[in-house]
Amino acid sequence: MGNDEDQALWLLVKEGDQASFGILLERYYPVLMNYGVRIKDDPEFIKDCLHDLFVEIWNRRYQLDSVHNLKSYLLASLRRRVIRESKRLRWFKEARELNDDYHFEVQFTIEHYLINNEIKHESLKKLKVNLDRLTKRQREVIYLRFYQELDYDEISKIMEINRHSAVNLIYEALKLLRKNWFLASMSVLPEFIFNMTLGSY
């Protein structure tokens, strides 16, 4: 789905087209749900947040601003709502600003790559161990960058950090992976790591 198509869809939603709103819901609900449960491991809570988010979008459709990247806009909107509702219910100790103690779980789906490239099981275990060593913020920024394919400006808006911080989070995460796993295994998974590195700048 291209950005131009997303913008056209958003415009129709703003004009009150119910069919387009249904397409928006169908297209982005799974993406948002997947992201939301990584922030707060409570699917019912996230469903409630998503319900309220989409109801608000529809109710305020005529006042909505234009958006440059619809997916980024929706992810940021959900993240803010989850934090706000968690603060209201006192589910987060620090609700004003998330830190590395907040919940963010990512299952890095590299098994398919490893199987296709005949990587031995021991190497998969080593990589998973080192992915688990990443901080929550590093996991989140990697998820947004490589799984949702967002750029650094979009990531910084979603996570409410500056662009430099987003770049540093990626850099430190990749450095950790290279130091603790890649260098010890040399040629085991060069394409995976190098693609991540090249794609991040």
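Let's start at N3, which counts as partly exposed because its relative accessibility is 29%, where buried means under 20% relative accessible area, exposed over 50% and partly exposed in between (1.4 Å probe, protein chains only). Keep in mind that this is a predicted model, in which local features need pLDDT of at least 70, side-chain atom pairs count only at pLDDT 80 or more, and totals for chains, interfaces and linings use all residues. Residues are numbered from 1 along each chain as its sequence is written, and side-chain values use heavy atoms, with hydrogens and water left out.

N3 belongs to helix α1 (residues 3–14); helices here are DSSP runs of H or I with at least four residues, strands are runs of E with at least two, and both are numbered from the N terminus. Although N3 and N69 are 66 residues apart along the chain, their C-alpha atoms are separated by 6.5 Å. Leaving aside residues up to four places away in sequence, N3 touches H68, N69 and L70, a contact being heavy atoms within 4.5 Å.

Now move along to α7 (136–147). Ten of its twelve residues are buried, so α7 is largely enclosed by the rest of the structure. Among the buried ones are V141, I142, Y143 and L144. The end C-alpha atoms of α7 are 15 Å apart, which agrees with the 16 Å that its twelve residues should span at 1.5 Å a residue; the expected span is 1.5 Å times one less than the number of residues.

How does α7 meet α8 (152–159)? Their axes come within 10 Å and cross at roughly 135°. Axes are lines fitted to C-alpha atoms, for helices over the stretch in contact, and angles run from 0 to 180 degrees between N-to-C directions. That angle makes α7 oblique to α8: under 35 degrees counts as roughly parallel, over 145 as roughly antiparallel, 65 to 115 as roughly perpendicular and the rest as oblique. In the contact, R137, E140, V141, L144 and R145 of α7 meet Y152, I155, I158 and M159 of α8.

Finally, look at the loops. E149 sits between α7 and α8, and is exposed, with a relative accessible area of 66%. Its phi is near 55°, a positive value in a residue other than glycine. Why is that worth a look? Most residues other than glycine have a negative phi. E160, in the loop between α8 and α9 (163–185), also is not a glycine and has a positive phi of about 60°.
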